[in-house]
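Please look over the model below. The report that follows takes up its loops, its sheet and its helices.

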Amino acid sequence: MKLATLQAQLPDFEIRLLTLADQEALLKLEQSNPRYHQYFSPEPLTMTEVQHDLTAHPDELAAAQKQVFGFYLAHRLVAVLDVLNQYPQEQFLFVGLLMVNKAYQRKSVGRVI
């Protein structure tokens, strides 16, 4: 997925690819949705798990096929979209995660993305 294409389709957001430097912001976003994490673990969310969210991909894919987009409003990370390009087949785009900050849920942010 091309960042420029995504940005053109969603001009109200500042959109950028998240990196390991964005772990703190992603941690805060994920902490705003505690129920999601509770499905996977009874333990508190850790920075190691956030790092895994940013980097994990199926073994058969190149790391470059994974993209994690951050959606910002007023310089605040309000949503994240994790996609795998050309997975499970060449013409597919697999959405691994779409999470909206709890404060922005039910305000059309997820639907717009």
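## A loop residue to begin with

Is A21 buried or exposed? A21 is exposed, with a relative accessible area of 75%. The model is a predicted one. A21 sits in the loop that links strand 1 to helix 2.

Strand 2 covers residues 66-73. Four bridges tie it to strand 1, and the two run antiparallel. E14 has Y72 in strand 2 as its bridge partner. In general, strands of a sheet pair through backbone hydrogen bonds, whether parallel or antiparallel.

## Helices on the sheet

## The buried side of helix 2

Which residues of helix 2 (residues 23-31) are buried? They are Q23, L26, L27, L29 and E30. These residues lie on the same side of helix 2, because they cover an arc of only 165 degrees around the axis. An α-helix has 3.6 residues a turn, so residues three or four places apart point the same way.

The buried residues of helix 2 have several packing partners. Two are helices: helix 3 (34-38) and helix 4 (47-55). The others are strand 3 (76-85) and strand 4 (93-100).

## Helix 2 against helix 4

The axes of helix 2 and helix 4 are 9 Å apart, and the packing angle is about 105 degrees. Helix 2 is therefore roughly perpendicular to helix 4; angles of 65 to 115 degrees count as such.

Which residues of helix 2 and helix 4 meet? Helix 2 brings Q23, E24, L26, L27 and E30. Helix 4 brings M47, V50, Q51, D53 and L54. By class, this contact has five nonpolar, two polar and three charged residues. Q23, L26, L27 and E30 are also among the buried residues of helix 2.

## Backbone features in the loops

Where is P88? P88 lies in the loop between strand 3 and strand 4. The peptide bond that joins Y87 and P88 is cis, with omega about 5 degrees.

Two residues other than glycine have positive phi: A74, near 50 degrees, and S108, at about 75 degrees. A74 lies in the loop between strand 2 and strand 3. S108 is found between strand 4 and helix 5 (109-112), again in a loop.

How exposed are these two? A74 has a relative accessible area of 75% and is exposed. S108 has a relative accessible area of 32% and is partly exposed.

Technical notes:
Residues are numbered from 1 along each chain as its sequence is written. This is a predicted model: local features need pLDDT of at least 70, side-chain atom pairs count only at pLDDT 80 or more; totals for chains, interfaces and linings use all residues. Side-chain values use heavy atoms; hydrogens and water are left out. Buried means under 20% relative accessible area, exposed over 50%, partly exposed in between (1.4 Å probe, protein chains only). The arc is that of the directions from the helix axis to the C-beta atoms. Contact means heavy atoms within 4.5 Å. Axes are lines fitted to C-alpha atoms, for helices over the stretch in contact, and angles run from 0 to 180 degrees between N-to-C directions. Angles under 35 degrees count as roughly parallel, over 145 as roughly antiparallel, 65 to 115 as roughly perpendicular and the rest as oblique. Ala, Val, Leu, Ile, Met, Phe, Trp, Tyr, Cys and Pro count as nonpolar, Asp, Glu, Lys and Arg as charged, and the others, Gly among them, as polar. Two strands pair if DSSP finds at least two bridges between them.
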